[in-house]
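Dear colleague,

The structure we discussed is below. My notes on what was found in it follow.

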Amino acid sequence: MAKTKRLIAFSVSFLIILITAVLLLFFLGGKFDKAVWKENPDSRVRMVDNFLAQNELKGKSTLQIEKLLGEPDRQDADNGLLIYTYHLGKEISFFGYDEEWLVLWFDDHNNVKKYELQWPCAFQCTARRLLCNCPSVYV
């Protein structure tokens, strides 16, 4: 009986610590700072969630995007439509360090049609127009 109580107490304590850590990471994530975004690209990964929560990108023009985020790190075209890519830096994940990108697709009026966060595999698949099972967050 005493062993069961200790196990329950340990489990509850562990769960409280885990939930607290997750909440702290979520709420203390980096606030978006335009100057830091432009000057220190490796810090973008900590700011991107805050930025996306504060800014609706769909419908924004290339000029509005560049005013917010600066020049893209990479600019491509797909069937004549513009694609901007911003390197976000390395994100610490359960599996180590992963590079992450913010990719924006524009319509024929140069307004954001869609955007997503991508990791290396998804970025490679998109660039090569391949079908693959990569983690990607579509927005």
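**Notes on the model**

F14 sits in helix α1, which covers residues 2-27. Please keep in mind that this is a predicted model. Together with L7 and F10, F14 makes a nonpolar surface patch of about 360 Å².

The largest nonpolar core counts 21 residues, and L57, I65, L69, L102 and L104 have the most contacts inside it. Two or more residues each are given to this core by α3 (44-54), α4, β2 (81-93), β3 (96-106) and β4 (112-118). Helix α3 supplies the largest share, five residues. As a general point, nonpolar side chains in soluble globular proteins tend to be buried together.

Leaving aside residues up to four places away in sequence, L57 touches F51, L52, I65, L68, L104, V112 and Y115.

Which residues of α4 are buried? In this helix, residues 62-69, they are T62, I65, L68 and L69. Viewed down the axis of α4, the buried residues fall within an arc of 125°, so they line one face of the helix. Just after α4 comes G70, with a positive phi of about 85°.

Best regards

How values were computed. Residues are numbered from 1 along each chain as its sequence is written. This is a predicted model: local features need pLDDT of at least 70, side-chain atom pairs count only at pLDDT 80 or more; totals for chains, interfaces and linings use all residues. Side-chain values use heavy atoms; hydrogens and water are left out. Buried means under 20% relative accessible area, exposed over 50%, partly exposed in between (1.4 Å probe, protein chains only). Helices (H or I, at least four residues) and strands (E, at least two) are DSSP runs, numbered from the N terminus. The arc is that of the directions from the helix axis to the C-beta atoms. Patches are made of residues with over 30% relative accessible area and no salt bridge: like charges are joined within 9 Å, nonpolar side chains (Val, Leu, Ile, Met, Phe, Trp, Tyr) within 5 Å. Accessible areas come from the Shrake-Rupley method with a 1.4 Å probe; for residues, only the protein chains shown count as cover. A salt bridge is a side-chain nitrogen of Lys or Arg within 4 Å of a carboxyl oxygen of Asp or Glu. A nonpolar core is a set of buried Ala, Val, Leu, Ile, Met, Phe, Trp, Tyr and Cys residues joined through side-chain atoms within 4.5 Å. Contact means heavy atoms within 4.5 Å.
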